[in-house]
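User: I would like to learn how to read sheets and helix contacts in a protein model. Could you take me through some cases, one feature at a time?

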Amino acid sequence: MRRRPSDPVARRLRNFVLLTIFAVAVPSLLLTGFGLIAIDNERAAAMRRIEDLYKPVLGKLADRLNAWLSALPQTSTAALDDLAAFARREIPAPGERFTKFATEAGAVACFVVGTNGRVLYPRPEPPLPTWQGYLPDSFSAGQQLEFAERDPSAAVVKYRAALSELTKDDPARCPVLNALARALVRAGRRQDALATLDELISACPKHVDHSGYNLAVGARLRRLALLRGKDETRFAKEIEALAALLGPGLPTLRASSEQTGFAAARAIELLGDETGRVQPMAVETLDAISHQAELLSALPGLAPGQARLLTVRAGGRRRLVLARVGPELTGCLLLPAGRQHGPEAALDQMGLSGSLQACLTSSEEQCEDGAGILAAAEYLKATDLAWKLNLFLKDSGSIDALAESRTRIYFWALLLAVVTLVLGIGRTLQVMIREARLTRLKTDFVSSVSHELRTPLTSIRMFTQTLLLGRTRNEAEARDCLETIDRESERLTRLVERILDFSRMEAGRKAFHFKPEDVKELVDQALAACGPMLEAGGFEVTRSLAAELPAVELDRDAMVEVLINLLSNAVKYSPDRHSIEVFARRVDDVLELGVSDRGIGIERALHKRIFEKFYRVDNRLASEVAGSGMGLSLVHYIIQAHNGQITVDSSPGRGSTFTIRLPLKNAKHEEEE
Ligand code: ADP
């Protein structure tokens, strides 16, 4: 079977493969696309249904919040008055009204600014003097080691020596403890540093360093840096403690406002991306403090009068501020979550906090982490700028549950459609490839059969003409001619017979007549039929037939045909070593009958294919030898009809052995009878 480059069958096959790939890929892609859109639509529809369901809840919640926020300027008047009075030092403390308002409204930073622009509240404490008194010599020795010689470990020893010289309540301990903690941090002794910082915080709440910064606040910041990424719980607690310590309006305020802003900014810096892990209130407070100046300057020129709710940008964020211009600028920055009246609290009062979560955000911000699926959102009317009330479903599973059943149907239908399509087209492709291959084999078959027919016909014609023209010199020559004509016609008849047999086999019309037959006779008949061919080729034939062979139930003519085919193949494909063995033996209940040659052999990969219709091995010798590719498929067909098997054991250059295995059950059965 030679492949020609412009083989039309191959071309058709290639076109078909391309078409099939296109036919699978495009519909599958379209189908998948539509399926995904359908699934997405289903989810969107479920979202809409959820939105419809929760719109009324959101409406009620928004009404409550609007009412609370609108009333806030009015209800906060007394509290802001108290704060202003405290800032003017008219009363000793801002009082309960202010504390109540600040807690309920979620005020994180409050302020009072005088007409001259001075910040009256948070009121800066007068700076405390730096320790000027006696300090032991080992303290300055430690400083020398720490800064000039850059040896913090040696400095630690000196500072400890200085400490041992001071009594427990000596205020000089504060700067020494501060230096010791710093040197310990530098020396990488984290645990010792933490312990010293703890001592410093409790022993020196009011002391300042030479730049005027509060030692305790500095110690807390240092402790924060040491805890970061090491002890999350203590880190979070420390942030809250710091927020409480620095928080304006809180009685624990110990540092001046300048220091407060610095410390808060440093704390926020230390928090980095970890703000989510710490109480939002604490973060918000620190953030607000660190941006206090920015916040104040961002307040627009308010008209004097009642307090107003404003949205002010500070620290890169939009913030909700309640502010009023009276004799002073008074106001508070509010946490949008409002402790007692905010969205969460309102939800709680409505008994819905179990399944829902609400938060108020400026239009450009997201709610805190942990919120579920957004069910509905609405802008609040009570504020000047877009503040959005978001309502979340805590359990995102509910929306999935709504969409899930239909989505699942779509998904499986989609999968089924795609799989069926792919399988169907794969199967069609398989059949088409087989058909195309067969077509090509048939084309080759027609040309090889024509060739096989022409050879004997040419001889017959030539010798007939020799006789007709009286070109023979004597009777013996004439007889030779006639014998050749006879032999060639017989060859022709056999060929035609084989073609007819083949077509009967194709149509399933070939009939078999089974009778118990003697295997030896069968072999002899086949060898006799091939006699001239074997003689002409000078073949040495060995008959290895077991002595005791039972009679076998078979169609004699068909089985002789099988052996003739195998023998003639052995002759055809043995160009050099002309030796053939025919064998028959009994192995248990099976008769093994076969032909072995020492010819060109067959590659292992082709052992199955040679039994296919019209298949011929594509090598030089096989293509030089006349053949049609029908022989072995006919053999295979006949053996199958006998409930038998045929196998080949062969490798190139070594020769081939074709073995037929026929069950002897029938024979045995007959013998028993
Ligand atoms: P063909 O008419 O071509 O001989 P067959 O169906 O009898 O057709 O054989 C199919 C192919 O199997 C042959 O073309 C040949 O290449 C290979 N073949 C069959 N018998 C032998 C053998 N004894 N030795 C080597 N090759 C063989």
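Predicted model: local features only at pLDDT ≥ 70, side-chain atom pairs only at ≥ 80, totals over all residues.

User: Which order do the strands have in the open sheet with antiparallel pairing?

Analyst: Residues are numbered from 1 along each chain as its sequence is written, and side-chain values use heavy atoms, with hydrogens and water left out. In general, strands of a sheet pair through backbone hydrogen bonds, either parallel or antiparallel. Here the open sheet of 5 strands has the order β2-β1-β5-β4-β3, with antiparallel pairing. Strands (E, at least two residues) and helices (H or I, at least four) are DSSP runs numbered from the N terminus, and two strands pair if DSSP finds at least two bridges between them. The edge strands are β2 (119-121) and β3 (308-314), each pairing on one side only, and the twist averages 35° from one strand to the next.

User: What is the strand order in the open sheet with mixed pairing?

Analyst: That sheet of 5 strands is ordered β10-β12-β13-β15-β14. Because β10 (540-545) and β14 (645-651) stand at the edges with a single partner strand each, one side of each is left without a neighbour in the sheet. The twist averages 10° from one strand to the next. Between β10 and strand β12 (residues 579-587) the pairing is parallel, over 6 bridges, and V541 stands opposite I580 in β12.

User: Which strands does helix α16 lie across?

Analyst: Contact means heavy atoms within 4.5 Å, and angles run from 0 to 180 degrees between N-to-C directions, with axes fitted to C-alpha atoms, for helices over the stretch in contact. Helix α16 (residues 519-537) lies across β10, β12 and β13 (590-597), and runs at about 175° to β10. Helix α19 (residues 631-641) also packs on the sheet, where α19 touches β14 and β15 (655-663) and makes about 140° with the direction of β14.

User: At what angle do helices α6 and α7 pack?

Analyst: Angles under 35 degrees count as roughly parallel, over 145 as roughly antiparallel, 65 to 115 as roughly perpendicular and the rest as oblique. Helix α6 (residues 173-186) and helix α7 (residues 190-203) pack at about 155°, with their axes 9 Å apart, which means that α6 is roughly antiparallel to α7. Among the residues in this contact are L177 and L184 in α6 and L197 and L200 in α7.

User: How do α16 and α17 cross?

Analyst: The axes of α16 and helix α17 (residues 556-572) come within 9 Å and cross at roughly 40°, and the two helices are therefore oblique to each other.
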